[in-house]
Amino acid sequence: MTAEIAKSTFQNHFSTPPELVIRAPGRINLIGEHTDYNGGFVLPAAIDKAIWMAAGRRDDGRFAFFARDLGEFFISDNEKPVYQERQTWVNYLLGVVSEAQKDGLVFGGLNLVFGGDVPLGAGLSSSAAIESGAMFVINELYRLGLSKMDIVRLAQRGENHFVGMKCGIMDMFASVMGRKNQVVRLDCRNLEFEYFPFETPDFSLVLFDSGVKHALVDSEYNTRREECEAGVAILKKFNPGISSLRDVSFPFLKKHQHDLPPTVFKRCKFVVEEIGRVERACLALQKNDFETLGALMFEGHDGLNLEYAVCVPETNFLVESARHFAPKGLVAGARQMGGGFGGCVINLLKISVLSEFSEQTNAAYRRAFGIDLKIYPVRLAAGTEIISGQAPDPATLSIRSTL
Ligand code: GLA
């Protein structure tokens, strides 16, 4: 998909040109997994894989969506968002509509076409790009005056309350707020953020898509979240000032190890240490110390695997393969990225070794699991942006598009 294809698909579908075309990128996360919903730090970036959306207003209050890559169309009966059991992709779009309406924001209907090259189910947050992209579009077309952070929050609420996935804020934040060649450290406790340049002539980032998507990923994710909350509820009894795992130091956690069920302790230990790793990763980045950054990624993966228990044999295999190259200083680090149970492994490696490493790993992966790896070199790109069109004049609000 490109902006041009988004435009022409819209024209074909709605017999009128779109008023607006935007690009909403996918994201990577360098380090800081499962820390966002624990009030910790994350270190994500928007990437050069994106969802493109072409959109225009409707004056009958209905919502018409065409998912180009799926070849599926949906139109609502009226302006009221109703959860869709069959076409589940629709819920990402209706979710933001629902949350925005709850906030009393006033806007009309929407015609929207979308598609892109963010691989689905690979942990690159195609859903967050769709949610925040849709909110961005509605904000522009109906001049709602929302800030980027308002859009981020509404998109997260749509996913939490309408889709039913209790995700944190990282994915939408990265998609909307990303900057070219920069990662951004977000403090998920107070939503303060700082950009860090990620530009190096020697190292690059490459994603290996394991091709595994666990059917239980959403329910397991919600369970991890509950386990962290259970830990906080117990630790709070010893220090009422604790409101999330961000407020818990490692010595304090260790002191209360036996007050926590063993599984809860392991989950909390991972999160507390992972929050520390993000801080150390930022210091390393400031010094262009990619070796330390990579070592932290390997360490984070071990925690995800052994303590947070969200890894699968396929992603463990890929990280082990990266470790095999590590002693030669060629692959600085690797780890499973995103919610877990498959998806992508992110590798930080010397550009010079990219093709050799990719080929060897792919061959070994095929021998072990009988499937080919999908390999995505990524560049860090700008966050959600307008490609063409502009916020229309409210006086022209009665545009009607035919179906
Ligand atoms: C998913 C969620 C994010 C975050 C990651 C794990 O991508 O959507 O909010 O919790 O998992 O870091």
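**Close-up views of the domain 1–domain 2 interface**

**View A. Salt bridge between D247 and R189.** D247 and R189 form a salt bridge in which the closest N and O atoms are 2.6 Å apart; the term requires a side-chain nitrogen of Lys or Arg within 4 Å of a carboxyl oxygen of Asp or Glu. By this rule, three salt bridges cross the interface of domain 1 and domain 2. The model is predicted, so local features need pLDDT of at least 70 and side-chain atom pairs pLDDT 80 or more, while totals for chains, interfaces and linings use all residues. Residues are numbered from 1 along each chain as its sequence is written, and side-chain values use heavy atoms, without hydrogens and water.

**View B. The two domains.** Domain 1 covers 3-196 + 382-386 and domain 2 covers 199-377, with bounds from an automatic or database domain assignment. Their C-alpha centres lie 26 Å apart. Contact (heavy atoms within 4.5 Å) involves 35 residues of domain 1 and 42 residues of domain 2.

**View C. Buried area.** About 3200 Å² is buried between domain 1 and domain 2, 65% of it on carbon and sulfur atoms; this is the accessible area (1.4 Å probe) that two parts lose on being put together, summed over both. I31, E33 and H34 supply 20% of the area that domain 1 buries against domain 2, more than any other three residues.

**View D. Strands on the domain 1 side.** β1 (20-29), β2 (41-42), β7 (182-187) and β8 (192-197) each give two or more residues to the side of domain 1 that touches domain 2; strands are DSSP runs (E, at least two residues), numbered from the N terminus.

Key:
Helices (H or I, at least four residues) and strands (E, at least two) are DSSP runs, numbered from the N terminus.
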